[in-house]
Amino acid sequence: VYRGSVKDFQGFDANQDAEALYNAMKGFGSDKEAILDLITSRSNKQRGEICQAYKSLYGKDLIADLKYELTGKFERLIVSLMRPPAYSDAKEIKDAISGVGTDEKCLIEILASRTNQEIHDLVAAYKDAYERDLEADIVGDTSGHFKKMLVVLLQGAREEDDVVSEDLVEQDAKDLLEAGELKWGTDEAQFIYILGRRSRQHLRLVFDEYLKIAGKPIERSIRGELSGDFEKLMLAVVKCIRSTAEYFAERLYKAMKGLGTRDNTLIRIMVSRSEIDMLDIREVFRTKYEKSLYNMIKEDTSGEYKKALLKLCGGDDDAAGEFFPEAAQVAYRMWELSAVKVELRGTVQPAGDFNDDGDAQVLRKAMKGLGTDEGAIIEVVTKRSNAQRQQILKAYKAHYGRDLMADLKSELSGSLAKLILGLMLTPAQYDAKQLRKAVEGAGTDENVLIEIMATRNNQEIRAINEAYQEAYHKSLEDDLSSDTSGHFKRILVSLALGNRDEGPENLTQAHEDAKKLADVSSNDSSDSLETRFLSILCTRSYPHLRRVFQEFIKMTNHDVEHAIKKRMSGDVRDAFVAIVRSVKNKPAFFADKLYKSMKGAGTDERTLTRIMISRSEIDLFNIRGEFIDLFDKSLHHMIEKDTSGDYRKALLALCGGED
């Protein structure tokens, strides 16, 4: 099935189009609208015929005339569209290695994503256009393992057999593990051989097998074992093997997000994928970033340049509200990955040489007399487990007849005080306090209610209920009921019971549950959409819900999260989405919340503090891994950049390392 956005123009006449372009450029100024309308609505093959007709009719070179008449980004885009794909790639690579410095990102993008035939055509086009050998030029401009992998990719010799040997899949996964994670140093040659030569179908299965035996995705191991441009190249290869459309969707998003636009990247991808997989890229973009590629281009560019890019994009998926097979496949793959058992690890471990009385003395000394030694307090509190902190509280009272919490409160202030005091509470006491703050006073902090209630397991919920009753002499359920309403209240009350099933998946039941979630035709008010989602999302076990979500995708070609966003609104939508994301990948859910707490102007310190405290002994190490996977920067780096003083020191101690 053709998945490009640009197709052959029906009723095409090369001479007529050549004449129209000539008239658009004749005389003073040029009709840019006519030029972009014509060129973006013809296929590359048809544009080639127009070039020949133009030369025959007027004895002039069309590309040279376009270069003369147009300027800037618009000129670069239109001229790129006029070149055959292989010659366009050749020009991009020539520009990337010419002059001072090398555009490694361009080399990586092109060589990691092209098929064998596209690579062969590129090498031939480079030779024809520049009378130079592409491999020799790249060897002369790069070095090390990065150079070696580029040379392997330049051969265009990736295996193309779809028949896969299970034994070889297992062996390759084992060899990659032994070449990296299990080896002192890294055997880069093994990574180059396997990732550079094996077929796409084979490598997808290798990546699945690697996840099972290593307990982490291959991407995370590459980040840990490799570095620099070589690491970026290998990650790009893995992403393209998994889904070329997803790789380009991510590249396009990064080209436009934040201040400024990487126009060269934007142009290169929009031109090169317009007749290959632009529809797939659009679909994945809409699913991953919750906005259409069309709208992001519209907001980020201007003038004729914008109009031409939007023509190549071919449509607005926000307006259509659709969800397509490629996006469904990406979502399904994500569910499958989330079902693999991964060991959860905190960053704070019990201190090996723990002495509660000794720690109590250190803390007393840090707070006695004039001034406070915040560094000593941070060192003790962040390097002890919560159970050890509870022992320190008792030892402090036994030794000094004083309340350690009261002393800390009087000596510390601001964000650091909230962090240290939060760490001294038990997890259940801390969550209970956060929930109490969310419901007391004017207004309700629904985000806190959703975050805690949607992510805690049965045991944690029951402990929170006990701590809440003990601290505030009323039940959590009563406070939730009096402070919320409607379906949102019912969701929270259901979660507050801590009665989620804890059994394995039931395939027959999962199919029935998926059917219930997919049914939009029911008119029974007692069986509303929200009620059906509540009865399943708030009560079924996590393994079972993962199977339900997979069945939902098979049944509807939609991801359940997309369906929730399309059919619900407000706090109900947000609560269900949080449950779905928590079921799918809890560390990724918290990584996303941490990123949002620090991105842009200002820092949401309440969210940052709450998550760093509550996850430090559960899965903060996994959250760090998801953070760098999702945002291409480490949690440590972002905390370091976004916070300051002793608060930053304490957060970085909890973070536990730089990835």
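Here is a quick tour of this protein, from its overall build down to one pair of helices.

The model is predicted, so to speak of local features takes a pLDDT of at least 70, side-chain atom pairs count only at pLDDT 80 or more, and totals for chains, interfaces and linings use all residues. Residues are numbered from 1 along each chain as its sequence is written, and side-chain values use heavy atoms, with hydrogens and water left out.

**The whole protein**

The C-alpha trace spans about 100 × 65 × 60 Å along its principal axes. You'll find 41 helices and zero strands; these are DSSP runs numbered from the N terminus (helices: H or I, at least four residues; strands: E, at least two). Of the 659 residues, 51% are buried, meaning under 20% relative accessible area with a 1.4 Å probe, protein chains only. Helix 38 (residues 605–615) is mostly covered, with nine of its eleven residues buried, among them Leu608 and Ile611.

| Item | Value |
|---|---|
| Helix 23 | residues 356–367 |
| Helix 25 | residues 386–400 |
| Angle | about 70 degrees |
| Axes apart | 8 Å |

Axes are lines fitted to C-alpha atoms over the stretch in contact, and angles run from 0 to 180 degrees between N-to-C directions. Helix 23 and helix 25 are therefore roughly perpendicular (65 to 115 degrees). In helix 23, residues including Leu363 and Met367 meet residues of helix 25, including Ile392 and Tyr396; contact means heavy atoms within 4.5 Å.

Methods:
Parallel < 35°, antiparallel > 145°, perpendicular 65-115°, else oblique. Buried < 20%, exposed > 50% of the residue type's maximum accessible area, 1.4 Å probe, protein only.
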